[in-house]
Amino acid sequence: MALITWNAADYGTNVTFADNEHKILFDKLNKLYDLATGGAERGIIGAQLDDLISYVVEHFAHEEQEMAAKNYAGLVVHKGEHDKLIAVCADLQTKFHNSEVEVTEAAGQMVKGWLDYHIPTFDTAYADALNS
Ligand SMILES: [Fe+2]
Ligand SMILES: [Fe+2]
């Protein structure tokens with residue numbers, strides 16, 4: 001079963017590029033979660049982990065660019081939230097590739113929990129500024 005399913009009520013931001021990128025991000029996270037909890041080969045899990053993390057980095061950079069373009073006052077705090085997740089992801093990525101940790105159910109739930117909080121709290125808040 002999918003870990004996270006995009007729907008407008010829970011995750012809609014009213015910003016088209018953000019909603020589109022969140023849907024892609026959710027798909028990549030679901031794919032990783034299914035591989036990791038389904039006992040896929042380690043190399044396949046690692047490739048999907050790398051793909052997800054590079055997409056997360058790309059998506060965050062895109063949001064930050066758009067916020068900067070509108071001189072959005074919440075940019076610094078918002079970017080701080082992004083940077084914290086990137087640090088956690090980079091640590092997991094390094095440890096996974098060093099065979100020190102596996103991608104676990106709990107890791108998937110942690111990222112889902114982060115998105116469940118971040119999108120309605122931080123991403124939704126930039127809608128008026130980005131649509132102005
Ligand atoms: Fe986002
Ligand atoms: Fe964000």
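## Contacts across the chain

Let's start with who touches whom. Take the contacts in the chain with a separation of 6 or more: 70% of them are between residues 24 or more positions apart. Keep in mind that this is a predicted model.

One such pair shows what that looks like. H59 and E21 are 38 residues apart along the chain, yet their C-alpha atoms are separated by 6.7 Å. H59 belongs to helix α3. If you set aside its neighbours within four places in sequence, H59 is in contact with E21 and L25. Is H59 buried, exposed or partly exposed? With 18 other C-beta atoms within 10 Å, H59 is partly exposed, because a residue needs 20 or more to count as buried and 12 or fewer to count as exposed.

## The overall fold

What is the chain built from? The answer is six helices and zero strands. Reading from the N terminus, the elements simply go α-α-α-α-α-α. The radius of gyration is 15 Å, close to the 14 Å that the globule rule gives for 132 residues, so the chain is as compact as a globular protein of that length.

For a sense of its dimensions, the C-alpha trace spans about 45 × 30 × 20 Å along its principal axes. Buried residues make up 18% of the 132 residues.

## Helix α5 and its partner α2

Now look at helix α2, which covers residues 16–37. Helix α2 and α5 pack at an angle of about 165 degrees, and their axes are 10 Å apart. Angles over 145 degrees count as roughly antiparallel, so that is the label for α2 and α5. The crossing of α2 past α5 is left-handed.

Which residues meet here? On the α2 side they are A18, H22, L29, Y33, A36 and T37, and on the α5 side E105, G108, V111, I119 and D123. Sorted by class, this contact has six nonpolar, three polar and two charged residues.

## Helix α5 and its partner α4

Helix α5 (residues 105–123) also packs with helix α4 (residues 75–97). Here the angle is about 170 degrees and the axes are 12 Å apart. Once again the angle is over the 145-degree cut-off, so α4 and α5 are roughly antiparallel to each other.

In this pairing, H78, E81, L85 and L92 in α4 meet A107, W114, H118 and F122 in α5. The contact of α4 with α5 has five nonpolar, two polar and one charged residues.

## Two loop residues with a positive phi

Here's a backbone detail to look for. Most residues other than glycine have a negative phi. N71 is not a glycine, but its phi is positive, at about 50 degrees. You'll find N71 in the loop between α3 (42–69) and α4. Is N71 buried or exposed? It has 8 C-beta neighbours inside 10 Å, so N71 counts as exposed.

S99 is another case: its phi is near 60 degrees, a positive value in a residue other than glycine. S99 sits in the loop between α4 and α5. Because it has 9 C-beta neighbours inside 10 Å, S99 counts as exposed.

Note on methods
Residues numbered from 1 in each chain as written. Chains lettered and ligands numbered in written order. Predicted model: local features only at pLDDT ≥ 70, side-chain atom pairs only at ≥ 80, totals over all residues. Axes fitted to C-alpha atoms, helices over the stretch in contact; angles between N-to-C directions. Helix = DSSP H or I, 4+ residues; strand = E, 2+ residues; numbered from the N terminus. Parallel < 35°, antiparallel > 145°, perpendicular 65-115°, else oblique. Contact = placed C-beta atoms within 7 Å. Nonpolar A, V, L, I, M, F, W, Y, C, P; charged D, E, K, R; others polar. Rg over C-alpha atoms; globule rule 2.2 N^0.38 Å. Left-handed = near helix turned anticlockwise from the far one by under 90°.
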